[in-house]
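Here are my notes for you, written as numbered points. Have the model open while you read, and look up each place as we get to it.

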Amino acid sequence: MASISVAALPGTVSAQSEGGLYIAGDGFSFQVAAEQGMAKNPRGRRFFLLSIPPETAALSLTAAGPLAAVRDRVVAANGVLFVCQRDVDKGRIDLAGLVPGVIAVRGWPPPGSKQIPKGQRYFPDENPANFPKANESLRRLRTTCS
């Protein structure tokens, strides 16, 4: 199997050096998704963990001790924590009640919308550094949050 080396500019991360997207919800608890993410991304390789209600409880400022400990381990392991903006908009999640650093992600804009400029991957007010570089992970993230 051949290995491809990708040079990255300082401060950037190539898609190959990132881990994938793990989703807590729809049959997977926060703890299971978190443990998978940490196990498959050792030594601080960045990975992404999306939580869907009710699995967002671990992200709460008032999370029970064991859940808070798992969440803190995810952050220490270079995990990026996401929730869906649609859940915030529908009142299922209160961003003010979540730990700092949780990012609310929008799903795909409606067909024909110009919210994401043609040829771009992000909404204009999003920081691309917060999101997966891999197209598949970003697509799954947006699709899940649509």
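1. How many of the five residues of S2 are buried? Five of the five are, so S2 is largely enclosed by the rest of the structure. "Buried" means under 20% relative accessible area, "exposed" means over 50%, and "partly exposed" is in between (1.4 Å probe, protein chains only). Helices (H or I, at least four residues) and strands (E, at least two) are DSSP runs, numbered from the N terminus.

2. Some housekeeping before we go on. This is a predicted model, where local features need pLDDT of at least 70 and side-chain atom pairs count only at pLDDT 80 or more, while totals for chains, interfaces and linings use all residues. Residues are numbered from 1 along each chain as its sequence is written, and side-chain values use heavy atoms, with hydrogens and water left out.

3. Now look at which way the side chains of S2 go. Phe47, Leu49 and Ser51 point one way, Phe48 and Leu50 point the other way, and all are buried.

4. Next, the sheet. Strands of a sheet pair through backbone hydrogen bonds, either parallel or antiparallel. Here you have an open sheet of four strands in the order S1-S2-S3-S4, with parallel pairing. The edge strands are S1 and S4 (103–105), and each pairs on one side only. From one strand to the next, the twist averages 35°. Angles run from 0 to 180 degrees between N-to-C directions, and the axes are lines fitted to C-alpha atoms, for helices over the stretch in contact.

5. What packs on the sheet? H1 does, touching S1, S2 and S3, and its direction makes about 165° with that of S1. H2 packs on the sheet too, touching S2 and S3, with its direction at about 120° to that of S3. Contact here means heavy atoms within 4.5 Å.

6. Follow the bridges on both sides of S2. Two strands count as paired if DSSP finds at least two bridges between them. S1 (residues 21–24) is joined to S2 by four bridges, and the two run parallel. In that pairing, tyrosine 22 has leucine 49 as its bridge partner, and leucine 21 stands opposite phenylalanine 48. S2 and S3 also pair in the parallel sense over four bridges. Leucine 49 turns up again there, with leucine 81 of S3 as its bridge partner.

7. Stop at the loop between H1 and S2, which is where asparagine 41 sits. Is asparagine 41 buried or exposed? Asparagine 41 counts as buried, at 1% relative accessibility. Its side chain makes a polar contact of 2.9 Å with that of arginine 45. (A polar contact is a pair of N or O atoms within 3.5 Å; within protein, one must be able to donate a hydrogen and the other to accept it, and residues adjacent in sequence count only if both atoms are side-chain atoms.) Leaving aside neighbours within four places in sequence, asparagine 41 is in contact with Gly19, Gly20, Tyr22, Arg46 and Phe47.

8. Here are some backbone spots to check. Most residues other than glycine have a negative phi, and most peptide bonds are trans. Arginine 43, in the loop between H1 (30–40) and S2, has a positive phi near 60° and is exposed at 82% relative accessible area. Asparagine 78, in the loop between H2 and S3, has a positive phi near 80° and is partly exposed at 34%. Proline 53 and proline 54 are joined by a cis peptide bond, with omega about 5°; proline 54 is in the loop between S2 (47–51) and H2 (65–76).

9. Last, the disulfide, meaning a pair of cysteine sulfur atoms within 2.5 Å. The structure holds one, and it joins cysteine 84 to cysteine 145, with an S to S distance of 2.1 Å. The pair links distant parts of the chain, 61 residues apart: cysteine 84 is in S3 (residues 79–84), and cysteine 145 is in the segment after H4 (135–144). With -70° about the S-S bond, the link is left-handed. Cysteine 84 is buried at 0%, and cysteine 145 is buried at 3%.
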